[in-house]
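Trainee: Please pick one part of this model and take me through it closely. I would like to know how that part sits in the whole chain.

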Amino acid sequence: MATALKEIEAKIRSLKPEERTQLLRSLIAELDGPSDTNVERAWLEVAKKRHQEIVERKVNPVPEKQVFEKVRSRLKR
C-alpha cells in the first residue's frame with residue numbers, strides 16, 4: 001500500500017464511528033453512480049404488487065428465519 005494511502009487510512013480510522021459511516025456511505029454512493037429513477041419506480045411497482053398479493057392471500061409470506069436457513073444451506077453446497 002502506498003504511503004499516501006496508508007496516511008489516508010490512518011486518518012479515516014481516527015474519525016468517530018458516525019463520521020466513518022457517513023464517509024463510507026458517501027463513497028459507496030459515488031461508486032454506485034447516479035440512481036436510475038426507472039429502476040426505483042420498477043422496484044416500487046414490484047413491492048406494491050407483492051404486498052397486494054399478500055393482502056389478497058394469493059401468496060403466503062415465508063418467515064425470515066426460514067428464508068435465511070434455506071439460503072445458508074444452499075451456500076454450503
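Mentor: Helices and strands here are DSSP runs, numbered from the N terminus: a helix is a run of H or I with at least four residues, and a strand is a run of E with at least two. By that count the chain has 4 helices and 0 strands, and along the sequence the pattern reads α-α-α-α. The model is predicted, so local features need pLDDT of at least 70 and side-chain atom pairs pLDDT 80 or more, while totals for chains, interfaces and linings use all residues. Residues are numbered from 1 along each chain as its sequence is written, and side-chain values use heavy atoms, with hydrogens and water left out.

H3 covers residues 37-55, which is 19 residues. The expected span of a helix is 1.5 Å times one less than its number of residues. For H3 that gives 27 Å, and the end C-alpha atoms are 27 Å apart, so the two agree. Helix H2 (residues 17-32) can be checked in this way too: its 16 residues reach 22 Å, close to the 22 Å expected. Just after H2, Gly-33 has a positive phi of about 80°.

At the start of H3, a side-chain oxygen of Asp-36 comes to within 2.9 Å of the backbone nitrogen of Asn-38. Such a polar contact is a pair of N or O atoms within 3.5 Å; within protein, one must be able to donate a hydrogen and the other to accept it, and residues adjacent in sequence count only if both atoms are side-chain atoms.

Past the other end of H3 comes Arg-57, in the loop between H3 and H4. Most residues other than glycine have a negative phi. Arg-57 has a relative accessible area of 73% and is therefore exposed; buried means under 20%, exposed over 50%, and partly exposed in between, with a 1.4 Å probe and protein chains only.

A salt bridge is a side-chain nitrogen of Lys or Arg within 4 Å of a carboxyl oxygen of Asp or Glu. Side chains of opposite charge can pair when their charged atoms come close. Glu-56 is partly exposed at 39%, and Lys-58 is exposed at 60%.

The whole structure has 2 salt bridges. Glu-9 and Arg-13 also form one, at 2.8 Å, N to O. Both lie in helix H1 (residues 3-13), 4 residues apart, about one turn of the helix. An α-helix has 3.6 residues a turn, so residues three or four places apart point the same way. Glu-9 is partly exposed at 27%, while Arg-13 counts as exposed at 60%.

Now the whole chain. Buried residues make up 0% of its 77 residues. Its radius of gyration is 21 Å, whereas a compact globule of 77 residues would have one near 11 Å; the radius is taken over C-alpha atoms, and the globule rule is 2.2 Å times the number of residues to the power 0.38. Along the principal axes, the C-alpha atoms fill a box of roughly 60 × 35 × 25 Å.
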